Amino acid sequence: MGLIWTGLAWVLLVLGVALLAWALLWDRAGWRGRAALRCRKCWYDLTGASDAEQGEKPAGSRPHRGVVCPECGKGHRSGRSMRRTRRRWGWVLAAVVLFAGSHAARVAPEVQKRGWGAAVPGVVLVAWMPLLSEEPGTGLDGFGMFGGSAALPRASGMDRLVMKEIGDGWYWGGRAPEQRLGWVSRRLLFLLARTECVAVMTDGTTAKGRAYKNAVTKVLHGGMARETERRWAHGVAHIEAEPDRAYGPNELVRGNFRIRRLVVGSYTLSGSVGRHLVEYQGFSPSSMRFNGMIPTGTPQQLAAHWIDRFLWDNTHEPAQARGRVYFEPEHPFGFAEPDGSGGAAVKLHYAVMVNEADPGEPERMAMVATIERSVPVQIDENRAMVVDQSSGLRTILETNLRAELTVEYDTTRKAWVPLVKLRWVGERPQDQTVLFGGMVSVDFVRQGTPAGQGRALLESRHDQSWWLVGPVSTGERRSELTTRPGHRKHFSGEVETNWILPSVRDHTPHRLMVRITPLQGNTPRTYGGLWADRVYDGMLVVPLDRWTLDEVRRYIVNGTVPDHAMP
């Protein structure tokens, strides 16, 4: 049936083009035996009258002004007015009717499926998009699956038509309708999108934002956008980044980070904080919309809840710790720098990565755009951390710290991971907090050898770990320390085996020690996001309890873990 409609559309289109060409171009002066000069009112042949007035003038010269038609009395002031093509406007109207019939035959199958909205040309839908509503909630019209839709603002009939026909399936995660945007519609779409406010265009809770997000995504996923249009669209994002408090000099700035992109779908933001790579996985619109229990409240409260949930993309930092993905409200921004006007600001720079692999192929991430923002930061000089390398602080730490080597199972890597845990055995300081950390290793130290010069049996190769000791808070055990890994893809205190074992026997006098050495360099340290009054920036050597050299050797060679090290 669709083939019949398609054939009828082509027949009517060809007939319309032929009729239009005949009505506009066929009856031309001097063409196919017609008079070269004619009256523009009654089309009487004026060639003889013009020659009589010109006399013996050379052929091809312009006629005198004031040639009067002997048939109807119409005066002609120039030769151009007597060479006009005769247009048959009645037949032009008939050609327009044929064109309308051709369009109707082409969209007839879609009209049968989706209704009369499918008959509206795509270029009309795109041209109407700047006039769509910008009221929050109009883009969620018909969102009644959870309740609260009665209090949502109602979209107008034209708003609903555009949102439905422009490609609604991309927004809700389903299959988009058949591509309706032709070459002219696509160019007009990106031309209009460049003139819109980014905050409005990326807001999927409004009718205008939802239509733009759907249409642009539809063109990009269909592979019908130019390279410049593609890169521009992927880089369009509205970001709100706000530090949660004032920060001290050289302190890692954290805060609330929210983003909504123009393009619908999953993506990855990749950046760096200090010497660490940070990644955020995101999806637009928020995939959190279907998670959790249905909220309760008045219709107005429910409507405000769903508008807020759909307003921002769902972004999170994936962590391998214990194999779970968590959502952290405070994102690390970086380190503040002077902004040139007496204040300070932190610069955000992220690369937008998307998966360009076809369905069924391995993941192939590619950078499609970059996003840069400058976030003002309030600097509190009283929060400056004092670096302390004194031997007195080292003695206090080494005297009160004890180390344990345990294993924990990581469901992401599907393996038991060895890690070093520290506990505090003395009185906790009550007046200030102390931060220490660095690269961790479990060392074999011969008797008579300085504690910091042993042979590493296990060591951390990925990143530094940090510990914070201070006053005991409510509900906290006195031996617990606050600990953070420098990079969230690893456990705090995680170590790896060193296959170069020392050639010694158990009866050789020796000690097993844990060595913590901070890396030195010009790159600012994140300290895992921790803050303290003092930072010990030197090496620490702490005794390792309960393990023997033979147990360490069996773990390295065979992976055998003693019972006292199991969680």
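Good morning. The protein contains 13 helices and 22 strands; helices (H or I, at least four residues) and strands (E, at least two) are DSSP runs, numbered from the N terminus. Please note that this is a predicted model, in which local features need pLDDT of at least 70 and side-chain atom pairs count only at pLDDT 80 or more, while totals for chains, interfaces and linings use all residues. Residues are numbered from 1 along each chain as its sequence is written, and side-chain values use heavy atoms, with hydrogens and water left out.

I begin with the overall figures. Of the 567 residues, 45% count as buried, where buried means under 20% relative accessible area, exposed over 50%, and partly exposed in between (1.4 Å probe, protein chains only). The accessible surface comes to about 29200 Å², and 54% of that belongs to carbon and sulfur atoms; these areas come from the Shrake-Rupley method with a 1.4 Å probe. Among contacts (heavy atoms within 4.5 Å) between residues at least 6 apart in sequence, 71% join residues at least 24 apart.

Let me turn to individual helices. Helix α9, residues 207-221, has 15 residues and reaches 21 Å from its first C-alpha to its last, close to the 21 Å expected; the expected span is 1.5 Å times one less than the number of residues. Helix α9 is mostly covered, with 14 of its 15 residues buried. Just after α9, Gly223 takes a positive phi of about 70°.

Helix α11 covers residues 299-311 and reaches 18 Å, close to the 18 Å expected for its 13 residues. Which residues are buried in α11? They are Leu302, Ala303, Trp306, Ile307 and Phe310. Seen down the axis of α11, its buried residues fall within an arc of 135°, so they line one face of the helix; the arc is that of the directions from the helix axis to the C-beta atoms.

Next, the surface. Trp10 lies in helix α1, residues 2-25, and is exposed, with a relative accessible area of 55%. Together with Leu13, Val14 and Val17, Trp10 makes a nonpolar surface patch of about 390 Å².

Finally, Arg553 belongs to helix α13, residues 549-558. Its relative accessible area of 25% makes Arg553 partly exposed. Leu457 is 96 residues away from Arg553 along the chain, and their C-alpha atoms are separated by 8.5 Å. Thank you.

Terms used. Patch = residues over 30% accessible without salt bridge, like charges linked within 9 Å, V, L, I, M, F, W, Y side chains within 5 Å. Salt bridge = Lys/Arg side-chain N within 4 Å of Asp/Glu carboxyl O.
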